[in-house]
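Opening my notebook on this one. I want to go through salt bridges, then an interface, then the cores.

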Amino acid sequence: MKRTVPLLITALGGFVLIIAYFIPRTQGWGEIAAIWFDVLASIAFVLGGGNLIKIHLKKVSDHKSGWGYSGITLAAFIITLSIGLGKIGVNPNIQFPTHEWSGSYREIGTPFWWLYEYVFKPLTATMFAMLAFYVASAAFRAFRAKNIEAILLLGTAFIILLGRTFAGVALTAWLPEWLSGLKLENLTVIIMKVFNTAGNRAIMIGIALGIASTSLKVLLGVDRSYLGQSKE
Amino acid sequence: MYEFIKNIDRRWIFLLMFLSVSIPILLQLQFPEKATDLAYSTFDIIESLEPGSNVLLSFDFDPASEGELGPMATTFSYHCAAKGLKMYYMALWPVGPQMIDDRIDMVIHSDFPDMVYGEDYVNLGFKSGNEGVIKVIVTDFRELYTTDAYGTAFDDIPMCQDIYSVQDMDLVINVSAGYAGTKEWVQYAVTPFPDKIKMVAGCTGVQAPLLYPYIPDQLPGLLGAIKGAAEYEMLVGERYGLQDQPKYLEGIRRMGPQLVAHLLMIFLIIVGNVIFFMDKKKEGQS
Amino acid sequence: MKSSILRLAIALLVVVGCGFAQADGPAPPTDLTASDHPWDGGSNIDLSWTLSSDDPGIVAFYKIYRSLSEAEVLKLNSDNRFKAINHAKHEATAAVFADAEMKGLSKSEPEVLAQVRIARQSAVEAAINQVNAEIEAQDSEQYKFLTVIQPGTDSFTIEKLVRNNSYLVKIVAVGGNNVESEPAVLSEAVIPTRQEFDGSRFSLMLITLIICGSVVFYIRLARSGINLKVRKIAGLEAVDEAVGRATEMGRSILFVPGIQDMNEIQTIAGLTILSRVAKTAAEYDAKVEVPTSRSLVMTTARETVQAAFLAAGRPDAFNQDLIYYVTDEQFGYVAYLSGMMVREKPAACFYMGAFFAESLILAETGNAIGAIQIAGTAMPAQLPFFVAACDYTLIGEEFFAASAYLSGEPEQMGSLKGQDVGKSIVAIIMIIGVTMLSIAALVGTDAGFGMALENAVRFIKEIILT
């Protein structure tokens, strides 16, 4: 029963939406389903938030390794939530000056804006910027001319790395006009447009068919392992 | 030396990368740019619009990718404002509105103070639902957007009164860092309405290879990462005389560190392969 | 002299004559008919007409208008009223202020403000009366200009109409000097209605039926006992090895199901692999930790792992606190995972689901701590990073095949075979398209065979595949 009901809902929802795509009368149903999902996911936020507090409080109280980080997580969670929900420090909207909560929490100068501008923004930008360091270390370790394919890959990498900067232009600027196709910046465009596009299309077609087949398996109840086990 | 490089602690590589990015920044190293066809076509499409045309700017990125996408978003805003286009800003990412506010502040408030909110530009803000939002607004804006980002009713905004759907836009400009972004705009807006919706985009470096299959039919213009932004900045700068305004040259400025970082990567790959072949040789000998 | 006067008079007559002819404009189009567009959602009308007798000739283009619906007229009137009121208020205020300025009075004087109030009131009343009078005087039918049509065209489809509303249509021919003909007006209103099937999606339905049908067909075939084989996938073979190694080392297993929610099929595919990982871990008595970035994924993953432990006969070993929510924020999640990996040093890391920029950060951190790493994703942009930094990577469709591969169930294998049929169809269409276009390019597309081939490809592309 615990598995049959979700399977029935999945199958019914999935097939109805597939058919609805072809029937004008029911074409709005997909949007309704998407809204239902958003509502469910929003309610699940509460579940997630509760779980976060529980797990980290437990870590702090048990003094597990890294419990200090849990303390910071909890403090950040509570501070941001209360400032955002309580609209602390927000000026009222000009149209409704007597209503304290009528202003926008994103307004420049508010505590929430401050948290966003000076904490959230630099932190996320830092995490993203770390990619540059990891790319360098991964390239050093992984790019090895082990066989013909790897050599081709290496050659392509060099062309793209050079062609995407002024170095590529400067290195092959001496090539005459009739050989302009061999200039690194032009070779980069050819590689991206022809070889990359062809390869990507093949992968995309495979993925699209994989998605269709997996979705069908889920709808038909053939694959129910995501619900916990392969057979009832 | 061989042993040191072979078993190098990756923190040395991190240090090299740090230096290769920070030194060009400190020395303000800059190189000339040469625009590619895609940058030209992006520039030409916007340039060919009549003043007063409607342009939807969807800024689907966040602070994390602002370093890569911020410069092109700024230049897109400048180009549209300088052409006298009506700008409708929106975002599919929760922090997109902040990206929009930054551009409005940086470009419109400072360089086009005569532009009027609601008549020349409007910030429609963020709507959750990713591609679901696109699917709805391609046929009906009002179903999702009842107000702008500040709570003014959609129909009370003069420039929104004649807008029913994305099909009423003369151009869609999307700046995207991933999902939902350019791919979804192409799939759910341009593909179903190829004659009515025209789009150009700017995206991160990793996304660019995935968008090439859509060029040129569904996506006639694409700016890939900082390189694309720098080329576009150069074209807009030449046309509108922005060569002495640093805020519109951010992409070109950032290409300096990028060049040195790319050279470092090539150097590292070569060193890695030298070690690899020396190892192979040693194995062969033993 | 006489002859020159005569010539001038003739020339004048010709010019004036032409002028009159031009001023009359071209002859109007005739026989305008309209009908509901078949097989649609009720938003289109098909028009057809007989060309003006001056086409080809002096007709430069046709202009098409449609009547406004009742709701549109109401909205238009309300907009006009709103604009007129605002304008009147503005004008009245400006006039009072200008007068006050001349008298040397401040704008904030109570006397001036009172005058503003009175002036505004009367101005607003006058504006409303004027607009209402204009509305009264309006024609019963109001038309909206739609588009311009090239000469020689005798049909058009009007789109974006409101279902079940009645519309009148008029069309005028416009001459070279912008003089319009008499309009051809539809004699009877036409109503766009909704049909039960969207005809423009027929070919898509056919393709869906063929691909889904072949999947279902092979699933049935597999159930009947036909033996189906699937090639070896190294990444999936290594799942047990990775779990075994973690057990030997006495360290935990980290499973990351991507950063998307349960409506993403990659997350579901990732959880099917989690089911197998958890079952093997339960058998080996290893610890599996699943931090998630979505609350719904957390609850589903708990169900998955609990059932896997049950299937392994170890329900008592299940600890739901090991499957927990971290944050929806992409880089917050990555920061947590990186910190956790460095502190706890899991022996095996699985990255199965939808990943974005975080892929390389996770895989490099995992590499630094010496974990055996297996990744699987259908995000093409992230595949190179996983391939570079992980021990095994499931690329695109391999990732979706994992469930069938790991379970070995015949019906799941059948679905893979059905997928191959889809691939064959795609390959055949691609070969046909490429061959036709290549031949067309060789023989020339200006006329004849080449043009026919190009049109056929356009038909496949724009009608069948759209």
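**Salt bridges**

I started with the charged pairs and got 31 salt bridges over all chains, taking a salt bridge as a side-chain nitrogen of Lys or Arg within 4 Å of a carboxyl oxygen of Asp or Glu. Ground rules before going on: this is a predicted model, where local features need pLDDT of at least 70 and side-chain atom pairs count only at pLDDT 80 or more, while totals for chains, interfaces and linings use all residues. Residues are numbered from 1 along each chain as its sequence is written, chains are lettered from A and ligands numbered from 1 in the order in which they are written, and side-chain values use heavy atoms, with hydrogens and water left out.

I looked up A:Arg25 next, which forms a salt bridge with C:Glu196, the closest N and O atoms being 2.5 Å apart. This pair crosses between chains: A:Arg25 is in the loop between helix H1 (4-20) and helix H2 (29-62) of chain A, and C:Glu196 is in the loop between strand E7 (184-185) and helix H4 (202-223) of chain C. My helices (H or I, at least four residues) and strands (E, at least two) are DSSP runs, numbered from the N terminus. For the record, buried is under 20% relative accessible area, exposed over 50%, and partly exposed in between (1.4 Å probe, protein chains only).

**A:Lys121 and its partners**

I then turned to A:Lys121, which counts as buried at 14% relative accessibility. Its side chain meets that of A:Glu117 in a salt bridge (3.2 Å, N to O). Both residues lie in helix H4 (residues 111-142) of chain A, four residues apart, about one turn of the helix.

B:Asp102 also forms a salt bridge with A:Lys121, with the closest N and O atoms 3.3 Å apart. That pair crosses between chains, from helix H5 (residues 96-111) of chain B to helix H4 of chain A.

**Chain A against chain B**

How many residues are in contact? I have 41 of chain A against 52 of chain B, contact being heavy atoms within 4.5 Å. The area buried between the two chains is about 4300 Å², and carbon and sulfur atoms give 70% of that; buried area is the accessible area (1.4 Å probe) that two parts lose on being put together, summed over both. A:Arg106, A:Phe140 and A:Arg164 supply 17% of what chain A buries against chain B, more than any other three residues.

I found three salt bridges across this interface. The side chains of A:Glu185 and B:Lys34 meet in a salt bridge as well, at 3.2 Å, N to O. On the side of chain A that touches chain B, the largest share, 14 residues, comes from H4(A).

**Cores**

Last stop, the nonpolar cores: sets of buried Ala, Val, Leu, Ile, Met, Phe, Trp, Tyr and Cys residues joined through side-chain atoms within 4.5 Å. The largest has 91 residues, and B:Phe141 and B:Trp185 have the most contacts inside it. Helix H9 (residues 225-240) of chain B gives the largest share of this core, eight residues. I also noted a second, separate core of 55 residues, with C:Ala242, C:Ile265, C:Ala308 and C:Ile374 among them.
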